[in-house]
Amino acid sequence: MTPAEIHAQFQLQHQASRAQVDVPLLVRRERLLRLQKMLDEHAPVLAAAVQADFGMRSPRLTEVADLFVLRSLLSHTLRHLGRWMKPQRVFTPLFLQPASAWIARQPLGVVGVIAPWNYPIQLALAPAITALAAGNRVMLKPSELTPHTSAQLAALVAQFFSADEFCVVQGDANLSALFASLPFDHLVFTGSTAVGRKVAQAAAHNLTPTTLELGGKSPCIIDGHCDLQEAALKIAHGKLFNAGQTCVAPDYVLLPRGREAEFAQAYGAAVLRLFPSVEGNGDYASIITARHYARLRTMLQQAQTLGAEVQTIDPSVGKPASGKPTVGTLGDGASRQMLPTLVFGATSAMQLMQEEIFGPILPVISYERLDDAIAHINAGPRPLALYWFGQSEAVRDDVLARTVSGGVTVNDTLMHVAHDNLPFGGVGDSGWGAYHGEQGFLRFCHQKSVLVQSRWSLGALLYPPYGARFQRLMDLMRRWF
């Protein structure tokens, strides 16, 4: 689309949103049901498009990573939407009675969504579902790094929705910058912190409120009394799901000193259980592009040069093999399937401890005391997710009280994101704002305060002139307070 066409599309939705401010429940439900029908009928086409974009990502992985999550969100939203839409009655203080008051939940208007490439269906449609449920119009800009998926989304959305309801805009990073500068009523961006800053700056010019779902270095804390075999399996699942290309993937592990070899063995066994093979295994996704793959290799090479111990887990061998990072010569598409890798002895001077990794590389940092682990976390930007593995509720609660993160899963990874009643979002550098469930619905609503005055109102007693009667009234009200 040209810039003029994008502006025209925005104006179409803007005018439609102002012409129909009140969007009835039946209209909202019908839009969601259309989206549900689109997924039900065309899921195989969308999964094939994701496979084409990644080069190696099975339809089974896309089903659980993208489509299953969306189906759950749609079901939950359809079930609760009527209740979410109802005006919320609020208590009226004594000095305003007998007035009545409530909070009306109204659509904002036009919501823009800039989606990432790592879960190109889920992270494009999840905010769109919630925004549509809140009665808004939606313009979606999917990632240019997943062109097949973006094209299929554009075609299917155009088939199931009119352009003034929901549309998809395709283009490169320059078009994304233009998209972010449009005067939306709300703008959702999912991606890196660096790009998120640019999006926030562009939106601020129009005073457009934003929801930024970013990332960061999400830690796993392993307590000294946890079941290390079970923890390693769940960490491996969270780390290697989509080959680590997940915003809430465990970014590094904080491990009690002296258990490094035990953890390496447990993690290696977990990898072999989850992925008996890597080469050509569609359940183990490839890295999205050669550029991203090269960045990960550079991280490993730098860490090794600076003294870190790199252990690459090769299922074809069946055990961790120390040495140089495996480059892999697996052929077209599969050549970007990077083997799971542990890094011991990583320091803050290394790139992999300065940036979100976004790949199947897991640094392991040893700690002496829990205080040291917490101090390490609190010394950096606040993470999008935090994971704790242990048995003591007292220690768990101590960790929760002394750290701040977007969300937490205890004794597992990733799973808090799948809970429809928990808001999903970051804090600080990992983002702001949250969606999912009712919290997401409210994110895309204007909560309008309404007070209806009674004919029996005593408000005139507070009018000037302020004489003796006024003073007696103030004295009486102070006793009530």
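Three strands form an open sheet in the order 1-2-19, and their pairing is antiparallel. The edge positions belong to strand 1 (88-89) and strand 19 (445-452), each of which pairs on one side only. The model described here is predicted.

- Strand 2 (residues 100-107) and strand 19 run antiparallel and are joined by eight bridges.
- Within this part of the sheet, P107 stands opposite C445 of strand 19.

**Helix 4**
- Helix 4 covers residues 122-133, which amounts to 12 residues.
- From the first C-alpha to the last, helix 4 reaches 16 Å, close to the 16 Å expected at 1.5 Å a residue.
- Helix 4 is mostly covered, with 12 of its 12 residues buried.
- Among the buried residues of helix 4 are Q122, P127 and T130, together with the leucines L123, L125 and L132.
- The alanines A124, A126, A128, A131 and A133 are also buried residues of helix 4, as is I129.
- G135, which follows helix 4, has a positive phi, near 90°.

**The second largest pocket**
- The second largest pocket holds about 400 Å³ of space.
- Its lining consists of 19 residues, of which A65, V69, F241, L414 and A418 are the closest to the centre of the pocket.
- Helix 3 (59-85) and helix 4 each supply at least two residues of this lining.
- The most is given by helix 3, which contributes four residues to the lining.
- By residue class, the lining of the second largest pocket has 15 nonpolar residues, four polar residues and no charged ones.

**The residue V169**
- V169 is located in the loop between strand 5 (166-168) and helix 6 (173-180).
- Is V169 buried or exposed? V169 counts as buried because its relative accessible area is 0%, and the cut-off for buried is under 20%.
- V169 and I114 are 55 residues apart along the chain, and their C-alpha atoms are separated by 9.7 Å.

Notes
Residues are numbered from 1 along each chain as its sequence is written. This is a predicted model: local features need pLDDT of at least 70, side-chain atom pairs count only at pLDDT 80 or more; totals for chains, interfaces and linings use all residues. Side-chain values use heavy atoms; hydrogens and water are left out. Two strands pair if DSSP finds at least two bridges between them. The expected span of a helix is 1.5 Å times one less than its number of residues. Buried means under 20% relative accessible area, exposed over 50%, partly exposed in between (1.4 Å probe, protein chains only). On a 1 Å grid over the protein atoms alone, a cavity is a set of points where a 1.4 Å probe fits but cannot get out, and a pocket is an open set with protein on both sides within 12 Å along at least five of seven lines; lining residues have an atom within 4 Å of a point. Grid points are joined across faces, edges and corners, and a volume is the space filled by probe spheres set on the points. Ala, Val, Leu, Ile, Met, Phe, Trp, Tyr, Cys and Pro count as nonpolar, Asp, Glu, Lys and Arg as charged, and the others, Gly among them, as polar.
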